[in-house]
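Hi,

Here is the structure I promised to pass on.

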Amino acid sequence: MIDITVVITVISSIVAVVSAIMGIYYAVQNNKRAETHETEEETKSNATVLLEIGYIKSGIDDLKAQQRKQDERYIELASRVTAVEASTKQAHHRINRLEGVKQND
């Protein structure tokens, strides 16, 4: 006959092996779940960063457009100042001529 201690030892060994296999299985499943959660969080973080970069790019584009308009205004103002300077120079010449005429009288 089979000794009862041998049967208990075999059953204990089987239970230990099954328990070890189940522990490994649950550890692998938990690791997969953690990786999935980590990937989701990383994806959300990346999406937020990309969205913020989009807002920054839009702001920079607005600033560039404003700078172009300001450059156009500056060029227009510079040309107007040049015209005023020329007109002032002519006016000074006329005033000088008139003063010269008055001094000769």
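Accessible areas here come from the Shrake-Rupley method with a 1.4 Å probe, and for residues only the protein chains shown count as cover. By that method the chain exposes about 9800 Å², with carbon and sulfur atoms supplying 62% of it.

Before the rest, some ground rules. This is a predicted model, where local features need pLDDT of at least 70 and side-chain atom pairs count only at pLDDT 80 or more, while totals for chains, interfaces and linings use all residues. Residues are numbered from 1 along each chain as its sequence is written, and side-chain values use heavy atoms, leaving out hydrogens and water.

The overall picture: the chain has 1 helix and 0 strands (DSSP runs, H or I of at least four residues for helices and E of at least two for strands, numbered from the N terminus). Its C-alpha trace spans about 155 × 15 × 10 Å along the principal axes. Buried residues, meaning those under 20% relative accessible area, make up 0% of the 105 residues.

Now zoom in on Y25, which sits in helix α1 (residues 4-104). Its relative accessible area is 46%, so Y25 counts as partly exposed (between the 20% limit for buried and the 50% above which a residue is exposed).

The structure holds 1 aromatic pair. The ring centres of Y25 and Y26 are 5.5 Å apart with planes at 65°, so this pair is edge-to-face (rings of Phe, Tyr and Trp, the last by its six-membered ring, pair with centres within 6.5 Å; planes under 30 degrees apart are stacked, over 60 edge-to-face, the rest tilted).

Cheers

Methods: Buried < 20%, exposed > 50% of the residue type's maximum accessible area, 1.4 Å probe, protein only.
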